[in-house]
Amino acid sequence: MFGLTKVTDDTLKRFSVRYLRPARSLVFPWFSPGGSGLRGLKLLEAKCQGDGVSYEETTIPRPSAYHNLFGLPLISRRDAEVVLTSRELDSLALNQSTGLPTLTLPRGTTCLPPALLPYLEQFRRIVFWLGDDLRSWEAAKLFARKLNPKRCFLVRPGDQQPRPLEALNGGFNLSRILRTALPAWHKSIVSFRQLREEVLGELSNVEQAAGLRWSRFPDLNRILKGHRKGELTVFTGPTGSGKTTFISEYALDLCSQGVNTLWGSFEISNVRLARVMLTQFAEGRLEDQLDKYDHWADRFEDLPLYFMTFHGQQSIRTVIDTMQHAVYVYDICHVIIDNLQFMMGHEQLSTDRIAAQDYIIGVFRKFATDNNCHVTLVIHPRKEDDDKELQTASIFGSAKASQEADNVLILQDRKLVTGPGKRYLQVSKNRFDGDVGVFPLEFNKNSLTFSIPPKNKARLKKIKDDTGPVAKKPSSGKKGATTQNSEICSGQAPTPDQPDTSKRSK
C-alpha cells in the first residue's frame with residue numbers, strides 16, 4: 001500500500017522507520033541532530049479508496065512546531081552534497097539507490113522554515129527533487145532563492161523523471177537523473193535554449209500551468225482557470241456590497257489547499273477578520289455552538305495563514321518590507337491588500353493622488369513579478385450612479401490599475417435597482433487566456449459565505465408561493481416596487497398595505 005516493495009528492510013532500519021499496525025501507519029521519527037533524543041513523530045496512514053490508495057499525515061507536535069529534517073542524524077560533517085525531497089518515502093528510495101545523503105522537508109512543498117537553514121549551510125551542492133508536478137517545480141525555485149541559488153540544482157518534473165520512489169519502482173537510474181539536475185541560478189538575460197524545457201513543461205501540463213483551482217467557486221475556475229503565482233488581481237465593488245467578506249472566502253479557499261497566505265487588512269481589525277474567516281471555515285455560526293469552538297479553532301490554526309498588524313494608513317515602503325520578510329520566512333504565495341486607499345495618505349510623492357496611486361500599483365506589480373507571489377489588491381470604485389453597473393473604468397484612479405492587473409474582478413450588487421436580483425461576480429479582465437464572464441453569488445448570512453446556498457431557500461420560495469392571490473398593483477412609482485421586491489428577497493412577508501408582487505417579479 002505504501003509502494004515500498006523495492007525498499008529493503010536494511011534501509012527502513014537505518015532510518016528507524018516503524019509500522020504501527022493498529023493505525024495502519026508508517027512512523028517516521030524526528031531525532032535531535034545528534035540522534036540522541038526523540039523530539040517528535042510523523043504518522044503516514046494509508047487508506048484504500050476504490051482502486052487507489054490515499055495517504056493522510058499526522059505530526060506530533062502539531063505542524064506549526066514540527067521542524068524535522070528526516071534523515072538528519074545520518075548526515076556526516078564531511079558531507080558536501082545533499083538531496084532534498086518532499087516525502088520521507090522518496091528519501092528512503094534515493095538513499096538506497098544512490099547512497100547520497102538525503103533529507104525530507106517537514107511540510108513538503110508548502111514551506112521551508114528558516115529554523116532549518118543552519119542545518120543546510122555545510123553543503124556546497126543542494127539538489128531539490130520535490131515531485132513530478134509544476135507546483136513542486138515552483139516550490140523548488142522558491143526554496144533555492146533562500147539557500148543561495150548558485151549552489152542549488154533542480155530536478156525538472158517529467159515523464160522520464162518521476163518522483164524518486166516511483167523512479168525506483170519503475171526501474172529508472174536515479175543517479176543518472178540527479179546528474180541531469182539544472183542549476184537554479186542564471187544571469188539576468190536568458191535565451192530560449194534555457195527556457196525551452198520550462199515551456200515544454202507548461203505545454204505538457206496545461207491544467208497545472210493554469211494554477212490552483214478553487215474548490216468553493218467552480219464558476220471562477222471556468223473563467224480564470226486557476227490561481228497563478230506572480231500575478232496581480234484587482235478587486236472592486238460598491239461600498240457595502242461585501243467585498244471584504246467575499247475576498248476573505250476567496251483567499252480562505254486557496255489557503256485551505258496549502259497556499260501560504262498573508263492578509264493586510266487596513267480597514268477592519270484582524271480579530272474581526274479572523275472571526276469572519278473562522279465562521280466561513282466552519283460553515284456556520286460558532287456563537288451558537290461554543291462547545292465546538294476549540295475543534296474548529298485548532299483546525300483553523302493549522303492553516304498557513306498570517307496577518308499584518310497594520311491598521312489605518314500605512315507607508316507603502318513599510319508594507320513592502322513586511323511582505324518581503326513574509327515571503328522569505330513563511331514562503332508566502334498570496335498577499336491580500338484591503339485596501340489600496342489606506343496607503344495613499346502616507347505617500348508624499350506628489351499632491352496628485354492619481355500619481356501616488358499609480359506609483360503604489362507599480363510597486364505591487366513589481367513585487368508580484370520579482371517574488372513570484374500573487375497579490376490581490378482591493379480598490380474602491382469611483383462614485384457612480386446607483387442605476388449603473390460598475391465597469392473596469394469605474395476603478396478609482398487612472399487606467400494604470402486595470403493595465404497593470406492580470407485579472408480584474410468586480411462584485412456587482414444590483415439588488416437595490418433590479419428588485420430581487422442577486423449579487424454576481426464579473427471577471428472583466430483575464431490576461432492568462434482572455435476569457436471573461438459573470439456568475440451569480442448568493443450570500444448565506446449564517447455562514448458568511450457566497451459559495452454555500454442558504455438552507456432557507458426553499459422556505460423563501462414557499463413564502464412567495466403561499467402569500468395568497470396577487471393583488472392588482474396600484475399606480476405608484478417605481479420606488480415603492482423596488483422597496484417591496486427588496487423585502488421579499490430578504491425573506492419578509494408583505495405588509496397588509498403593500499400588495500404582493502412576488503409573482504410579477506418572478
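Analyst: Let us begin with Leu441, which, leaving aside its neighbours within four places in sequence, is in contact (heavy atoms within 4.5 Å) with Phe217, Phe246, Leu411, Lys422, Arg423, Tyr424, Leu425 and Phe450. This is a predicted model, in which local features need pLDDT of at least 70 and side-chain atom pairs count only at pLDDT 80 or more, while totals for chains, interfaces and linings use all residues. Residues are numbered from 1 along each chain as its sequence is written, and side-chain values use heavy atoms, with hydrogens and water left out.

User: Which residues touch the most other members of the largest nonpolar core?

Analyst: That core has 36 residues, and those touching the most other members are Leu220, Phe235, Phe246, Trp263, Phe300, Leu425 and Leu441. A nonpolar core here is a set of buried Ala, Val, Leu, Ile, Met, Phe, Trp, Tyr and Cys residues joined through side-chain atoms within 4.5 Å, where buried means under 20% relative accessible area, exposed over 50% and partly exposed in between, with a 1.4 Å probe and protein chains only.

User: And which elements give two or more residues to this core?

Analyst: They are helix H8 (218–224), helix H9 (243–255), H10, H11, strand E15 (407–412), strand E16 (423–430) and E17, and H9 gives the most, with 7 residues. Helices (H or I, at least four residues) and strands (E, at least two) are DSSP runs, numbered from the N terminus. There is also a second, separate core of 31 residues, which includes Leu232, Ile332, Cys373 and Ala405.

User: How do H10 and H11 cross?

Analyst: The axes of helix H10 (residues 270–282) and helix H11 (residues 293–301) come within 10 Å and cross at roughly 100°, so the two helices are roughly perpendicular to each other. Axes are lines fitted to C-alpha atoms, for helices over the stretch in contact, and angles run from 0 to 180 degrees between N-to-C directions; those under 35 degrees count as roughly parallel, over 145 as roughly antiparallel, 65 to 115 as roughly perpendicular and the rest as oblique.

User: Which residues meet there?

Analyst: From H10 there are Ala274, Met277, Leu278, Phe281 and Ala282, which meet Tyr293, Trp296, Ala297, Arg299 and Phe300 in H11. The residues of this contact divide into 9 nonpolar, no polar and 1 charged, with Ala, Val, Leu, Ile, Met, Phe, Trp, Tyr, Cys and Pro counted as nonpolar, Asp, Glu, Lys and Arg as charged, and the others, Gly among them, as polar.

User: Switching to the sheet, in what order do its 8 strands come?

Analyst: The order is E12-E11-E13-E14-E10-E15-E16-E17, in an open sheet with mixed pairing, and two strands are taken to pair if DSSP finds at least two bridges between them. Strand E12 (305–307) and strand E17 (437–441) stand at the edges with a single partner strand each, so one side of each is left without a neighbour in the sheet. On average, neighbouring strands of this sheet are turned by 20° against each other, direction ignored.

User: What joins E11 to E12?

Analyst: Strand E11 (residues 261–265) runs parallel to E12 and is joined to it by 3 bridges, and the bridge partner of Trp263 in E12 is Phe307.

User: Which strands does H12 lie across?

Analyst: Helix H12 (residues 316–330) lies across E11, E12, strand E13 (334–338) and E14, running at about 155° to E13. Helix H13 (residues 353–371) also packs on the sheet, where it touches strand E10 (232–236), E13 and E14, and its direction makes about 155° with that of E14.

User: Is Thr376 buried or exposed?

Analyst: Thr376, which is found in strand E14 (residues 374–378), is buried, with a relative accessible area of 0%. Leaving aside neighbours within four places in sequence, Thr376 is in contact with Thr233, Ile247, Tyr250, His334, Val335, Ile336 and Ile337.

User: Where is Arg151, and what is it in contact with?

Analyst: Arg151 is found in the loop between helix H3 (134–146) and E8, and is buried, with a relative accessible area of 16%. Beyond its neighbours within four places in sequence, Arg151 is in contact with Leu120, Glu121, Phe123, Arg124, Arg125 and Ile126. By contrast, Glu121 is exposed, with a relative accessible area of 60%.
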